[in-house]
Amino acid sequence: MPKLNENYLDLQESYLFSEIAHRVAEYTRENPDKKVIRLGIGDVTKPLAPLAIKALHEGVDAMATAETFKGYGPERGYDFLRDAIKDYYGRRGVEIDADEVFVSDGAKSDTGNITELFANDNVILVPDPVYPVYVDTNIMMGKKLVYMDGNAENDFLPMPDKSVHADVIYICSPNNPTGACYSKAQLKEWVDYALANDAVILFDAAYEAFVTDPDNLARSIFEIEGAKKCAIEFCSLSKTAGFTGTRCGYTIVPKDLKFMSSRGVEMSLNAMWNRRQSTKFNSTSYIIQHGAAAVFTEEGMAQCMENIHYYQENARIIADMLGKKGIRYYGGINSPYIWFECPNGMESWDFFDYLLKNAQVVGTPGAGFGKNGKNFFRLTAFGSRENTIEAMERFDQLF
Ligand SMILES: *Cc1c(COP(=O)(O)O)cnc(C)c1O
């Protein structure tokens, strides 16, 4: 009999989205004439930018002739895409080396797999509320997590507790689920803390393209002095360019990230990640990488930003209504997510039912993201303009 990885027994049942689907299906079965508006799921709805579509077609055509056909590509991604990503950072004043860029099929895989590079006896800090991938992938490996509370007192932006030592720190900014975004000054505190503790920050920048105030808010952890000595950055074309179904992401592992092992040899995280990816991963397809490279051109990015602006306007419409109703909210300005406390002290699943029954609007109960989400609720700006407006008109009448 195989002895199984019993760490899986320690995972909490992930019923958030299946439970939402179940409750909505039940409601629509009983109320077939009611129009339900879904502002719950964190998935984009706008089609890909025309330049990305054109480049994807070219990628397919390249496969059709022996001269241009591509078989296995470099495990860390084609040079043309890593150079395009380096230029994308360069245009924002962040110097990275193409050798520090690793292309992948998305940030979920990378944020989940990176934990393999760290031993099990680290102190690993994760925020609560949290993107569940960080938590579950560590539990699968038998690792212990220390939670840092995000709450109304700290505007859902937990800051380092200098009296506590950490080795690995997860930060997602702009945040999913809370929409909160760290300022450069706050991230500087995190970088200083990491350097003082010899720790690594795992920075998830999946929503960087939503940042509206790049003077004060960081789109990349590498805008912060010292970060190249203490941080890995994950990013993705999913929210930036609508690639949730197309699949392409990238991770930046600075070559300066080196730590002494217990055997007295220095280990490079860049070399380790390269070894890990070339052993277990064969990169994302040439076709997708060719499409992704078009996204990072100035014209491609301008097209993607049109979609982002559309979502940002939806977020503003939601935020304005909450503001009008005197409901304190987080996010919505530098993020497609709006996070707010459920009215009248309601718990998030009760509020979910209340909103579904009385306004036919579906959101995401905060309880699904950790204990600090118990009384909070997430709405997303990824719906259509018409549905967003209609949902907010229903809010206007209900509250
Ligand atoms: C959507 C999202 C990602 C991106 O995941 P992909 O696998 O690239 O689609 C990463 N991190 C967070 C927090 C997200 O919400």
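Helix H10 gives the largest share of the lining of the second largest cavity, 4 residues. Helices here are DSSP runs of H or I with at least four residues, strands are E runs of at least two, and both are numbered from the N terminus. The model is predicted, so local features need pLDDT of at least 70 and side-chain atom pairs count only at pLDDT 80 or more, while totals for chains, interfaces and linings use all residues. Residues are numbered from 1 along each chain as its sequence is written, and side-chain values use heavy atoms, without hydrogens and water.

What is a cavity? On a 1 Å grid over the protein atoms alone, it is a set of points where a 1.4 Å probe fits but cannot get out, and lining residues have an atom within 4 Å of a point. Points are joined across faces, edges and corners, and the volume is the space filled by probe spheres set on them.

Let's stay with the second largest cavity, of about 60 Å³. Helix H7 (237–241) and helix H10 (298–324) each supply at least two of its lining residues. Among the residues lining this cavity are Val44, Lys46, Cys304 and Tyr311.

Of its 15 lining residues, Pro127, Phe156, Pro158, Asn175 and Tyr182 are the closest to its centre. Strand E3 (124–128) and strand E5 (168–172) each supply at least two lining residues, with E5 giving the largest share, 3 residues.

Note on methods:
On a 1 Å grid over the protein atoms alone, a cavity is a set of points where a 1.4 Å probe fits but cannot get out, and a pocket is an open set with protein on both sides within 12 Å along at least five of seven lines; lining residues have an atom within 4 Å of a point.
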